[in-house]
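Q: Can you walk me through this one? I'd like to go piece by piece.

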Amino acid sequence: MDQALMYIAFFALAGLTLLAALAVVALKNILHSALALVVTFIGVAGIYFLLEAPFLAVVQVLIYVGAITVLIIFAIMLTRRLMGSSLAQFTGKWWIAAPLALALFGMIGLVAYSTTWLLRPKEALPADAVAALGTELMTTYLLPFEIASILLLVALVGAIVVAWPMKDRVAVENELDAKVAEARRRAAGLDKVEDAAGAEKAEP
Amino acid sequence: MELLLQGLNSWLGQSLPEWLVTLIGMAIVITMLLLLPTVLFMLLVWLLRRGIARLADRFGPNRVGIGRFNRERTRQRFPLWGLMQSIADGVKMFTKEDITPSGSDRWLHRMAPIAAIVPTFLVFAVVPFGKQIVGVDLNVGVLYVVAASSIFTVVLLTAGFASNNKFSLLGAMRTAAQMISYEVPMVLALVVPVLFAGSLSLNRIVEAQGAWLGLRWFVLYFPLGPIAFIIYFIAALAEVNHTPFDLPEADSEIVAGYVTEYSGMKFALFFMGEFLNQFLICGLAVTMFLGGWQGPGVQLGGVLGYLFSVFWFFLKTFTLYFGLIWIRGTWPRLRVDQLMGFAWKRLVPAALGNLLLSGLAVVVFNLLKR
């Protein structure tokens, strides 16, 4: 019975994921595509849950749905030209893209075919899999872990540097100050002119 | 859940196959998890309106109730303190016209409120309401809560975009920026009790606070616990767009933010999500820092222990919720630039430093114990 339930859940999730993935490439509105991508990610997270990897599933939702998709949606919303316009599904260069995609698919298929899949793990899962994962990350896989975090740090610093053109900002501020001063002077001048006009009218 | 299954098994185990008993148990739990938030929502709205009214020296809703008429054919002064107001509001919401603005993305506009309520209900599944009273005791509970609430960011961006309204889009952008920024200090503060308890499971975190008659709460681990608690509470307020961080729906600036173009039941769903999220941040604060369902009397065996655990959880949570009402009734709103600066320049460094010190403290204590 458990086996049957697992199969039902797996095929439902796999179907959902594949349908959503199809929608990502087939939909004409790019925002709809981005949202279909969310469904794909959630479907994959569900499959992780089925495989008894709840940590991976939750992180999948947290990173891919909570961060990456939000980033994609922001990028779409901030690029005016993409909003509202429907996208063409075919361009003239499909004859380049199709063989490349086929080659990629073939490569992934080959890898999937030649891998010997472990149908059940050699040893039972540790009772606290998350703690075991943390220990492994901090001992056996410390170097890759640190390299990944340094990579992220570099990206973060780079983003700040790119978003912070100090000289330009000073120049823009000076320009704005000059404009404001100019406007003030002009306003003061106008006031004088009006006063003068009013005075002329009032005199006779 | 486990408890319920055991009970069902001993009751129906002989006459029904095991998988059917499991399914029935699941159905009962799911129904309860859907009904509890709904009933809570009505109570919370009423509590907020009465509380704010009290703070503003008004009466608040005090008419709708099962009251008797006195001789002058006027209702008694407080017929059940207006408790039935929420039911009247519910009927009103159902009968209101549902408007879809022209030029909006119809499908997304319809889906957004539904998708907005789902993460909230998902979180309810892992909150330990009492001793062994929890939907699912996930061993990644804390992360699960954070992940579920992060889905909401996508939903509100969708809602803001689909409405085809400047104010909606502005509100959505503001909310997304705010939620992403404040998620960082919130998670960093939540890691501190995780370190203390040595587990990500909400239930085990509560159990780790069980010493001293259930009063050894993580918030009492001076000074790291209180700092983490305060940082969590501030960041969580911003996460659920509560005062003083209610810029996303600042009615004096951008009408109602991303819910501007929603009416009728669709608006009610957003509204419900907001209230339940406020309840959940209180519940989570209680679970992580204030001992959850632990308290004097929980150690008793039998039904009494369970009753005490539920009582303590809800007492603590509603006390915190009253704090929210208090803040809402008295505090002004932050400006956008103040908001971002506060998150990144104050809360994140404070939370990071606190986390480092907590890690150190845990290591030192473990060494001393040996």
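Q: What share of the chain B contacts with a separation of 6 or more comes from residues 24 or more positions apart?
A: Residues 24 or more positions apart make up 73% of those contacts in chain B. Two residues are in contact if their C-beta atoms, placed from the backbone, lie within 7 Å.

Q: And in chain A?
A: There, residues 24 or more positions apart account for 51% of the contacts with a separation of 6 or more.

Q: Is this predicted or experimental, and what are the ground rules?
A: This is a predicted model: local features need pLDDT of at least 70, side-chain atom pairs count only at pLDDT 80 or more, and totals for chains, interfaces and linings use all residues. Residues are numbered from 1 along each chain as its sequence is written, while chains are lettered from A and ligands numbered from 1 in the order in which they are written.

Q: What are the scores?
A: The model has ipTM 0.79 and pTM 0.81. Chain B averages a pLDDT of 82, and 89% of its residues score at least 70. pLDDT is the predictor's confidence in each residue, from 0 to 100.

Q: Where in chain B is confidence lowest, and where highest?
A: Lowest is helix 10 (residues 251-254) of chain B, with a mean of 66. Highest is helix 9 (residues 224-239) of chain B, at 90.

Q: How many helices and strands are in chain B?
A: Chain B has 13 helices and 0 strands. Chain A has 7 helices and 0 strands. Helices (H or I, at least four residues) and strands (E, at least two) are DSSP runs, numbered from the N terminus.

Q: How much of chain B is buried?
A: Buried residues are 45% of the 370 residues in chain B. In chain A they make up 11% of the 204 residues. A residue is buried if 20 or more other C-beta atoms lie within 10 Å of its own, exposed if 12 or fewer, and partly exposed in between; C-beta atoms are placed from the backbone.

Q: How is chain B divided?
A: Into domain 1 (1-95) and domain 2 (102-369). The bounds come from an automatic or database domain assignment.

Q: How many residues does each domain put into the contact?
A: Domain 1 of chain B gives 19 residues and domain 2 of chain B gives 19 residues. On the domain 1 side, helix 1 (2-12), helix 2 (18-55) and helix 3 (85-95) of chain B each supply at least two residues. Helix 2 of chain B has the largest share of that side, 13 residues.

Q: Switching to the chain A–chain B contact. How many residues from each?
A: 18 residues from chain B and 18 residues from chain A. On the chain B side, helix 5 and helix 6 each supply at least two residues. Helix 5 of chain B gives the most, with 11 residues.

Q: Helix 6 of chain B, then. What span should it have?
A: At 1.5 Å a residue, its 32 residues (166-197) should span 46 Å. The expected span is 1.5 Å times one less than the number of residues. The end C-alpha atoms of helix 6 of chain B are 46 Å apart, which agrees.

Q: Where is it kinked?
A: At E183(B), by about 30 degrees, shortly before the proline P185(B). The bend at a residue is the angle between axes fitted to the seven residues ending there and the seven starting there.

Q: Is helix 6 of chain B mostly covered or mostly open?
A: Mostly covered: 24 of its 32 residues are buried. Just after this helix, G198(B) takes a positive phi of about 70 degrees.

Q: Which residues have the most contacts inside the largest nonpolar core?
A: A189(B), Y232(B), A235(B) and A285(B), in a core of 116 residues. Helix 5 (residues 141-162) of chain B supplies the largest share of this core, 16 residues. A nonpolar core is a set of buried Ala, Val, Leu, Ile, Met, Phe, Trp, Tyr and Cys residues joined through C-beta atoms within 7 Å.

Q: What does Y232(B) touch?
A: Leaving out residues up to four places away in sequence, Y232(B) touches M186(B), A189(B), L190(B) and A285(B).

Q: Which non-glycines have a positive phi?
A: Among them are D57(B), at about 60 degrees, and N241(B), at about 55 degrees. D57(B) lies in the loop between helix 2 and helix 3 of chain B. N241(B) lies in the loop between helix 9 and helix 10 of chain B.

Q: Buried or exposed?
A: D57(B) counts as exposed, because it has 6 C-beta neighbours inside 10 Å. N241(B) counts as buried, with 24.
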